[in-house]
Number of protein chains: 2
Amino acid sequence: MRRFKIPEVTVGRLSLYLRCLNELEEEGIEVVSSAELGRRCGVNPAQIRKDLAYFGEFGTRGVGYYVKELKEDIKRVMGLNKTWEVALVGVGNLGTALLRYKGFQRHGFKLSVAFDHQPEGKDVPEGCEIYHSSEMERVIKERGIKLAVITVHYSQAQDVAEKLARAGIKGILNFAPVRIHLSKGVVVRNVDMGTELEILTFYLTMKGAR
Amino acid sequence: MRRFKIPEVTVGRLSLYLRCLNELEEEGIEVVSSAELGRRCGVNPAQIRKDLAYFGEFGTRGVGYYVKELKEDIKRVMGLNKTWEVALVGVGNLGTALLRYKGFQRHGFKLSVAFDHQPEGKDVPEGCEIYHSSEMERVIKERGIKLAVITVHYSQAQDVAEKLARAGIKGILNFAPVRIHLSKGVVVRNVDMGTELEILTFYLTMKGAR
DNA sequence: TACTTTTTGTGAAAGTTACCACATAGGGGG
DNA sequence: CCCCCTATGTGGTAACTTTCACAAAAAGTA
């Protein structure tokens with residue numbers, strides 16, 4: 001198949017499959033069918049096969065998928081076969097929590113530098129260096145970092161994003177509740193916890209709860 | 001129009017429109033067309049009108065939408081015309097950060113109780129009470145809380161979710177990197193920061209960055 | 001009131017995404 | 001070596017979402 005326009009939902013599901021494959025591996029299961037994988041992660045088996053078909057043929061007919069192999073194939077497709085350095089901007093409550101979150105490391109991400117306009121006295125974990133925001137462009141360029149997380153106040157998010165783009169950042173995960181607008185060449189994803197809660201209340205209100 | 005199957009993307013956009021309308025209000029703008037609103041939040045104007053048409057007719061032909069009115073209409077549709085109490089389970093790094101996050105309040109949510117299996121010595125903000133997890137079902141039932149945020153370790157997330165469902169929770173925002181499976185009657189939304197970063201690396205890898 | 005301008009609300013078309021259903025290929029047993 | 005069984009890969013279609021395009025309605029003007 002191997003087309004070039006991959007739907008974003010497909011990419012999200014690849015990540016989901018990866019989690020599921022990790023669990024299977026931990027359980028010592030070596031082979032899995034799309035039916036079983038689908039049951040486990042709540043996705044239609046045909047959907048799984050279609051998703052994988054965008055990138056090649058990974059299964060064996062009559063058998064299924066070899067867990068270890070498929071896991072490595074998906075990791076390769078997603079660029080997760082090596083560690084990514086990540087810069088974090090805005091060492092407040094949320095920023096600090098993310099710096100301390102062990103989960104990223106497990107997924108091959110390393111939050112190696114943080115920036116704040118008041119770096120003094122900020123308690124960052126070992127292995128992470130903190131700098132004043134004015135050093136942002138220099139440090140990111142020097143290290144060749146391509147990924148950044150924005151956890152600043154929403155009034156500064158757009159400005160920070162533009163600076164990051166100038167510093168060579170290619171992917172931004174934005175936690176501030178504003179849509180960031182960059183010309184092009186930079187992928188931005190928004191995680192808006194307010195919106196998430198609002199979607200919940202919508203469905204609760206629809207169903208007449210509360 | 002007024003159909004009953006509302007697409008989730010539409011609900012997410014309603015929340016986006018709300019943010020944009022707030023900004024317009026702050027700027028003192030009283031009337032806005034779908035064209036202008038669309039330009040501001042990056043959505044096709046026809047899309048906006050279709051989204052709104054699910055719930056009624058809010059505009060005036062030849063004029064546009066009255067900012068204040070539309071804002072109130074959307075808030076009513078989404079059930080945001082009063083404050084929602086929210087329970088948070090798992091007062092670790094992320095949980096603490098969310099408890100301290102001011103943004104929720106601004107959107108009409110109140111994180112009024114938190115639970116942890118080691119509540120002693122946990123520093124929660126004023127206005128929030130912390131209890132031992134064993135009290136969860138009792139406290140949530142007594143207060144009639146319908147919304148919960150899960151920020152526990154992923155190994156406990158499913159278990160916590162089931163307990164919350166038994167306590168009468170109808171909407172769950174899950175930050176643990178596992179798909180939670182509940183029979184029905186409870187809406188679950190997952191925020192998975194690992195997946196978000198992985199989607200970024202996918203697109204970066206596709207485009208040959210790094 | 002009649003005419004013009006503007007922008008909504010919506011039917012229909014275009015574009016996407018999900019799912020079914022089956023031909024096809026691989027493995028294993030006799 | 002052949003046949004049977006199983007589960008993949010995929011063509012076709014159904015379901016859903018987005019966008020176009022225009023009739024209809026409201027407001028302003030004369």
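Predicted model: local features only at pLDDT ≥ 70, side-chain atom pairs only at ≥ 80, totals over all residues.
Figure 1. Of the atoms of DNA strand D within 4 Å of the protein, sugar or phosphate supplies 66%, and bases supply the rest.

**Figure 2. Individual contacts between the protein and the backbone of DNA strand D.** A polar backbone atom of Gly59(A) lies 3.0 Å from a phosphate oxygen of DNA strand D. The side chain of Arg61(A) places an N or O atom 3.0 Å from a sugar or linking oxygen of DNA strand D. In chain B, an N or O atom in the side chain of Gln47(B) is 3.2 Å from a sugar or linking oxygen of DNA strand D. Which elements give two or more residues to the surface near DNA strand D? They are helix 3 of chain A, together with helix 1 (8–26) and helix 3 of chain B. Helix 3 of chain B gives the most, with four residues.

**Figure 3. The protein surface near DNA strand C.** Here the view turns to the other DNA strand. Lys50(A), Arg61(A), Ser34(B), Arg49(B) and Tyr65(B) come nearest among the 25 residues around DNA strand C. Of the atoms of DNA strand C that come within 4 Å of the protein, 67% belong to sugar and phosphate. By class, the residues of the surface near DNA strand C comprise eight nonpolar, nine polar and eight charged. At least two residues each are supplied by helix 1 (8–26) and helix 3 (45–53) of chain A and by helix 3 (45–53) of chain B. The element that gives the most to this surface is helix 3 of chain A, with four residues.

**Figure 4. Phosphate, base and sugar contacts of DNA strand C.** Asn44(A) has a polar side-chain atom 3.1 Å from a phosphate oxygen of DNA strand C.

**Figure 5. The six-stranded sheet of chain A.** The strands of this open sheet have the order 5-4-3-6-7-8, with parallel pairing. Strand 5 (129–132) and strand 8 (187–190) of chain A stand at the edges with a single partner strand each, so one side of each has no neighbour in the sheet. On average, neighbouring strands are turned by 25° against each other, direction ignored. Strand 3 (residues 84–89) and strand 4 (residues 109–116) of chain A pair in the parallel sense over six bridges. Within this chain, Trp84(A) stands opposite Phe109(A) in strand 4.

**Figure 6. Helices against the sheet of chain A.** Helix 7 (residues 136–143) of chain A packs on the sheet and touches strand 3, strand 4 and strand 5 of chain A. The direction of helix 7 makes about 160° with that of strand 4 of chain A. Helix 8 (residues 154–166) of chain A lies across strand 3, strand 6 (147–150) and strand 7 (171–174) of chain A. Helix 8 runs at about 170° to strand 6 of chain A.

Figure 7. Chain B has an open sheet of six strands with parallel pairing, in the order 5-4-3-6-7-8. Strand 5 (129–132) and strand 8 (187–190) of chain B are the edge strands, and each pairs on one side only. Strand 3 (residues 84–89) and strand 6 (residues 147–150) of chain B run parallel and are joined by four bridges. Val89(B) has Ile150(B) in strand 6 as its bridge partner. Helix 7 (residues 136–143) of chain B packs on the sheet, where it touches strand 3, strand 4 (109–116) and strand 5 of chain B.

Terms used: Residues numbered from 1 in each chain as written. Chains lettered and ligands numbered in written order. Heavy atoms only, no water. Near = heavy atom within 4 Å. Polar contact = N/O pair within 3.5 Å; in protein donor to acceptor, adjacent residues only side chain to side chain. Nonpolar A, V, L, I, M, F, W, Y, C, P; charged D, E, K, R; others polar. Pairing = 2+ DSSP bridges. Axes fitted to C-alpha atoms, helices over the stretch in contact; angles between N-to-C directions. Contact = heavy atoms within 4.5 Å.
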